[in-house]
Amino acid sequence: MDPASPERYNRGARFAAVAAVLRASLDGRDVLYAPADHDAIADHGGLASEFDLCIPGGPRELLPPGWLEAPEGGGFLKIGVGILRKQGRDYHLFHQPQILVAAQTAVAWRDDGARFVQTLPATDGWAYRLEVDLALRAPEMRMDWRLANTGTRAFTTRTYVHNFIRFGDHDVGPGYELSFPGPIAVTGATAAQTVLERAIRFDARIPTWVNLEIAQQGAAGGSVCTVAHAGAGMSLLCSTSLPCERVAVHARAAYLSPEQFVRIELAPGAEASWTRSWRIEAR
C-alpha cells in the first residue's frame with residue numbers, strides 16, 4: 001500500500017500506514033486476503049500492522065500511551081498514525097478518533113522491496129521515528145523494524161501484524177491448521193476447532209467469527225507459527241525475532257489471522273529493533 005495515495009487501501013485511524021502488504025502469491029496462488037470491496041476507513045487486509053490494539057473492555061495497561069492521563073479532548077499517542085483526540089470514557093479498536101497530529105510517512109521503492117520512514121514531531125512530549133525495511137527474497141518476505149523514542153516521555157507499546165491469511169478460494173474450515181513448534185494452551189476454542197498438543201485444526205466452516213488466545217510463545221530466539229491448508233497444498237510460516245506476549249487468533253470464513261504480539265518499552269532516547277518474516281511454501 002502506498003501511504004501517500006489519497007486512495008490507499010486503508011485511510012482510518014487504527015492501522016499503521018507503513019509496510020502494509022496487500023497481496024502475496026507463489027506460482028500465481030494467493031495467500032493473503034484483501035478484497036477490493038471494503039470499507040477504507042474501518043477495514044484492512046493482507047499484512048496490516050497496528051500498535052496498541054485495545055478491544056472493548058480490555059485491560060487498562062493495553063491502552064495506547066497517554067490515553068489514561070489525557071483530558072477529554074486532549075491527545076494520546078497511536079504509533080503508526082499520530083496523535084489522536086481523546087473522546088469519551090472508553091477507547092477501543094472500533095473507534096475512529098480524530099487525528100490531531102498526523103505522523104508523516106516517506107517511502108523509497110525498490111524492485112525487491114521498500115523502505116518506510118515515519119516520524120511524529122514532538123507533541124506534548126510524545127515523538128518517535130519508525131523505520132521498516134521490507135525485502136523480498138522469494139519465497140520469503142522480511143520486514144526489519146526499528147522504533148526510536150525521540151520525545152521526552154517514556155512509553156510502552158505492543159505491536160502485531162494482523163496477518164489476513166487465505167489460500168486461494170478456500171474458506172476457513174476443513175483443511176486449515178495453525179501449528180506451533182512447541183506445546184500450546186488455548187482458550188476460546190469452540191466445537192468447530194480441535195486443539196492438539198501443538199496445533200489448532202479447523203473442522204468446520206466458521207459461520208461468523210471466532211477469537212482464540214494462546215499464552216506466551218517463543219523464547220530468546222523469537223516466535224514462529226505456521227498456517228497450512230492440505231487441499232491447497234500451501235503453507236505460510238510467520239516468524240518474529242522477539243518472543244510473543246501472546247498470540248491472538250481471529251478467524252472468519254474469509255480469513256485466518258494469527259496475531260503475534262510483542263511488547264516494547266522505550267525511555268526517551270532509546271530504540272528497539274525486531275524482525276518479522278513470512279515464508280510461503282508449497283506442500
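A: Let us begin with a network. In this predicted model, salt bridges link Arg 115, Arg 129, Glu 131, Arg 146 and Glu 271.

Q: Which atoms meet in the salt bridge between Arg 129 and Glu 131, and how far apart are they?

A: The general idea is a side-chain nitrogen of Lys or Arg within 4 Å of a carboxyl oxygen of Asp or Glu. Here, the N to O distance between the side chains of Arg 129 and Glu 131 is 2.6 Å.

Q: Is Glu 131 buried or exposed?

A: Buried means under 20% relative accessible area. Glu 131 has a relative accessible area of 12% and is therefore buried. Its partner in the salt bridge, Arg 129, is partly exposed at 30% relative accessibility.

Q: How many salt bridges are found in the whole structure?

A: A search of the whole structure gives 20 salt bridges. Among them is one between Arg 166 and Asp 171, where the closest N and O atoms lie 2.8 Å apart.

Q: How accessible are Arg 166 and Asp 171?

A: Arg 166 has 14% relative accessibility, so this residue counts as buried. Asp 171, with a relative accessible area of 28%, is partly exposed.

Q: What joins the side chains of Arg 23 and Asp 30?

A: These two side chains meet in a salt bridge, with 2.9 Å from N to O. For accessibility, exposed means over 50%. Arg 23 counts as exposed because its relative accessibility is 57%, whereas Asp 30, at 26%, counts as partly exposed.

Notes. Residues numbered from 1 in each chain as written. Predicted model: local features only at pLDDT ≥ 70, side-chain atom pairs only at ≥ 80, totals over all residues. Heavy atoms only, no water. Buried < 20%, exposed > 50% of the residue type's maximum accessible area, 1.4 Å probe, protein only.
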